[in-house]
Amino acid sequence: MSGALVVLSSGTAAANNVDLVVDYTCTGGVAKNGPVNLRTTLSIPTTLTVGQPLGVDWSIAYMDGTKFGSPDFFAPKGKVTVTGDVELSGGWYGVLKPTGALEQSGPLRPDTPLELPKGISDAAHTTRATKVKVTPKTLVVDFTPPAGEVMVNDDDPRVQYETGDWQDLNDQDAHHGNHHHDIHRATQKDSRAALEFTGTGIEYVAQRDYRAGRVRFYVDGKETTPAYVDASKEDDGTPTNFANKGGLTLWSLRGLPYGKHRVQVVNDEQDKWAQLDAFRVITDELASPPSQYRATCTLISDPVSVDVTISNTSTPTGSSSPTSTSTATSTPTRSSSPSASSSSSASSSSSASSSSSAAGTTPKPTVTVTATVTPTRATPTTPQVTLVPDGGADTGVGPEQTPGFVLVGAGSAMIFGGVLGGVALRRSRASHAGGRE
């Protein structure tokens, strides 16, 4: 059984916020080793005046020992991005997309735990008095590999010496310039070495030597262009006089689609040296996160919603003292019937009035604050007017078209986290009545 806890603070209505604690489980992408559980908290204002932004701040953390893991070997500055989906319905209809990102501080190996942004946020402008229902939906977690290079030495376990007479020659003279002062060498024709890598390009690092010969390359089972290199020749094709001049990039292939690939190096001449010092794996800057790294997170606690009341005026000030009442109820129910739902509601009202014998003086307005937690999916109402915040995309229709009122978020970044469990709702007073402008 799950429900909601409502805590109301007395005072100016516009200063009240509601905190929703919502749990998620994430699968796919960087959650490749099994579901990852997150505990999140959304902070939502319950009352605003027209012109104040409707902002959603969403903190995120890991809920238990499950964590997202790096999908491969990467240089520092791989980026984790979290994007939420918050549905708006009622007086407006639209979606906020709170987003935040965090660069990883160091190099990554497969399954290295990934750090999450601690929070994400988004906001939309308000232009008229109405009531809007705010409902958190799904989250997605993306990983973007950093642009850069990763060296894979010849004795790295990822390099497979498949056929031939490859020798592992360690402790080479430092002046040879070999990566890590070692090298593999074969003399039999068709001796093969291979590497599986993830990136957009690959480079072959070896020695230029008059005793070496021609080696041929295959990527993903196909001959490449260029198809081979002769390490006994200079770049212009003339024979070299060098012996053991190492650490040189003799062949490269760029422009591969980002993903997993396999490169093979094959000795093309009998009794000539085929040598392998290292591979350099290249990743170009990516325009968007690779789809294979996206984890999708779905609710594991009951759905909840918060009503936000937007009024034309703020709570009046004056000599009279406002009164405030707070109530909180939680009545979760369970039923086999599809219509079964659990609900909890809280309401608070504040009123202030003053009178004057002077002609023309009118009573000051009364402000009513209502926060409702509804563990059922909100049904969008018919739009009435287009509303597009600064920097947002127009997703609705104007008054001259079919009536509709669409609210779209402008977007700003914060950070994430996690844990299983139900739904908690608490409402705290903001630091000042000015709101989140």
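Tutor: Gladly! Keep in mind that this is a predicted model. Let us begin with an open sheet of four strands, in the order β10-β21-β15-β18, whose pairing is antiparallel.

Student: What makes β10 and β18 the edge strands of this sheet?

Tutor: Strands β10 (148-153) and β18 (245-253) each pair on one side only, and they are the edge strands. From one strand to the next, the twist averages 25 degrees.

Student: How do you know that β15 and β21 pair, and in which sense?

Tutor: Two strands pair if there are at least two bridges between them. Strand β15 (residues 201-208) and strand β21 (residues 278-283) have five bridges, in the antiparallel sense, so they meet that cut-off. You can look for Glu 203, which stands opposite Arg 280 in β21.

Student: What holds strands together in general?

Tutor: Strands of a sheet pair through backbone hydrogen bonds, and they can be parallel or antiparallel.

Student: Which strands form the open sheet of five?

Tutor: Its order is β11-β14-β19-β16-β17, with antiparallel pairing. The edge strands here are β11 (159-163) and β17 (222-230), each pairing on one side only. Neighbouring strands of this sheet are turned by 25 degrees against each other on average, direction ignored.

Student: How many bridges join β11 to β14?

Tutor: Four bridges join β11 to strand β14 (residues 192-199), and the two run antiparallel. Pairing needs at least two bridges, so β11 and β14, with four, count as paired. One place to look is Tyr 161, whose bridge partner in β14 is Ala 193.

Student: Now to the spaces. What is the volume of the largest cavity?

Tutor: The largest cavity holds about 40 Å³ of space. The structure has one cavity of 30 Å³ or more. Among the residues lining the largest cavity are Tyr 204, Val 215 and Trp 273. The elements that give two or more residues to this lining are β15 and β20 (274-276), and β15 supplies the largest share, three residues.

Student: How do the lining residues of the largest cavity divide by class?

Tutor: Seven are nonpolar, three are polar and none is charged.

Student: And which residues lie nearest the centre of the largest pocket?

Tutor: They are Asp 72, Phe 73, Arg 158, Thr 198 and Val 281, out of 17 lining residues. The largest pocket has a volume of about 230 Å³. Strands β10, β14, β19 (259-267) and β21 each supply at least two residues of its lining, with the largest share, four residues, coming from β10. By class, the lining of the largest pocket has eight nonpolar, four polar and five charged residues.

Student: What about the second largest pocket: how much space lies in it?

Tutor: About 180 Å³ lies in the second largest pocket. Its lining has 13 residues, and those nearest its centre are Lys 79, Thr 144, Pro 145, Glu 285 and Leu 286. They divide, taking the whole lining, into six nonpolar, three polar and four charged residues.

Student: What makes the pair of Ser 301 and Asp 23 a polar contact?

Tutor: A polar atom of the Ser 301 side chain lies 3.2 Å from the backbone nitrogen of Asp 23. The cut-off for a polar contact is within 3.5 Å, so the distance of 3.2 Å meets it.

Technical notes. Residues numbered from 1 in each chain as written. Predicted model: local features only at pLDDT ≥ 70, side-chain atom pairs only at ≥ 80, totals over all residues. Heavy atoms only, no water. Axes fitted to C-alpha atoms, helices over the stretch in contact; angles between N-to-C directions. 1 Å grid on protein atoms, 1.4 Å probe; cavity = no way out; pocket = protein on both sides within 12 Å on 5 of 7 lines; lining within 4 Å. Points joined across faces, edges and corners; volume = space filled by probe spheres on them. Nonpolar A, V, L, I, M, F, W, Y, C, P; charged D, E, K, R; others polar. Polar contact = N/O pair within 3.5 Å; in protein donor to acceptor, adjacent residues only side chain to side chain.
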